[in-house]
Amino acid sequence: MNDLRDKYIELIAAATGEAALEELRVQAVGKKGEISLKMRELGKMSPEERQIMGPRLNALKDEINAALAAKKAGLADAALNERLKAEWLDVTLPGRGRRSGTIHPVSQVWEECTAIFADMGFAVAEGPQVETDWYNFDALNIPGHHPARAEMDTFYMHRAEGDDRPPHVLRTHTSPVQIRSMEAGGAPTRIICPGRVYRADYDQTHTPMFHQVEGLAIDKDISMANLKWVLEEFFSAYFGTAVKTRFRASHFPFTEPSAEVDIQCQWKDGSVKVGEGDDWLEVLGSGMVHPKVLRAGGIDPDEWQGFAFGMGIDRIAMLKYGIPDLRAFFDSDLRWLRNYGFASLDVPTIRGGLSR
Ligand code: DAH
């Protein structure tokens, strides 16, 4: 029995893992283990022998079980120590700050425009960016042969041979939304449409995709005077200072009369300041909606009239926030975005209108 004890105590001491230990347990005190078999032999012994051997075998079994348990705990401790050594963490290190993103200037200005025009009762309308040439051109009184079509550097959607759907284009301006919202809502109406537009053009002030905001107000007696007030109100709120506008006679197929609108500004050391000085900066096209355009939108031009305007969002963003190159707007360069972007909790920097 001493041999048996020494053998297992030694084996247990030498065991290197839980699996080996389990094997030893089965081998020694499992159902068919060496010590268990010995205990079964007790039955064949004489009572005297049994009285001696029984307690000794039990003691041996207890001793082996205790050794197994102690070794098991030892192995677990050792494993834990190994892990603690390998997986330590210095909780005194400074945290790794997470940079928060910024609002793109276009999104910011888009919101600002929406807020200012909403104050003046304009709702936001939307239209598709892939547009039929009817909405983009014909309905706006730009027929097929009209030079404006060529001037706009239009992107045409590919059409497979035999595809007889109307030709589609990437809308070259937000003006087609005028037609769509006239169709949908009739008159009277007062909407703006901020959105993406596309033209095949690329230099410091042109990108193939850019943003416009369209305006449209139709009622019984809307006039150019209303247009001028709305625009001056808008620019003054947007730039946070009283801004004069100058209307220059112009021509657009979809308005009659038409005007290009300049805002008052001053050039100083190569940068421009809006709202003071004797210089003028062109910022938008506008006019009284052409009767043919009203009719294309399902509105009777003998009963209704209105004004419309179209303005570059990117352009007025560059002006307000002093951003020199339009192309950088769409480069997704994080350094640029961090520099020119806005904190997400910035509310639009607009002020109450002039005449309120
Ligand atoms: N659609 C014109 C453009 O993209 C801008 C424009 C001019 C819009 C006059 C209008 C308008 O609504 O009345 O160049």
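The model is predicted, local features need pLDDT of at least 70, side-chain atom pairs count only at pLDDT 80 or more, and totals for chains, interfaces and linings use all residues. Residues are numbered from 1 along each chain as its sequence is written, and side-chain values use heavy atoms, with hydrogens and water left out.

Helices (H or I, at least four residues) and strands (E, at least two) are DSSP runs, numbered from the N terminus. Helix α4 covers residues 47-86, 40 residues in all. Its first and last C-alpha lie 58 Å apart, close to the 58 Å expected at 1.5 Å a residue; the expected span is 1.5 Å times one less than the number of residues. At M53, α4 bends by about 25 degrees. The bend is the angle between axes fitted to the seven residues ending at a residue and the seven starting there. A proline, P55, follows within four residues. Buried residues of α4 include G54, L57, L60, I64, A67, L68 and L75 (buried: under 20% relative accessible area, exposed: over 50%, partly exposed: in between; 1.4 Å probe, protein chains only). Their cover includes α1 (2-14), α2 (18-29) and α3 (34-40).

Helix α11 (residues 313-321) comes within 9 Å of α5 (residues 105-119), axis to axis, and the two cross at roughly 100 degrees. Axes are lines fitted to C-alpha atoms, for helices over the stretch in contact, and angles run from 0 to 180 degrees between N-to-C directions. Contact means heavy atoms within 4.5 Å. Among the α5 residues in this contact are V109, W110 and C113; among those of α11 are I313, I316 and Y321.

The axes of α9 (residues 224-239) and α11 come within 11 Å and cross at roughly 45 degrees. The two helices are therefore oblique to each other. From α9, the contact involves F234, F235, Y238 and F239; from α11, I316, A317, L319, K320 and Y321.

P253 sits in the loop between β6 (245-252) and β7 (255-268). P253 is buried, at a relative accessible area of 9%. Leaving aside neighbours within four places in sequence, P253 contacts L140, N141, I142, H146, A148 and H290. P253 and V289 are 36 residues apart in sequence and 9.5 Å apart in space, C-alpha to C-alpha.

Methods:
Angles under 35 degrees count as roughly parallel, over 145 as roughly antiparallel, 65 to 115 as roughly perpendicular and the rest as oblique.
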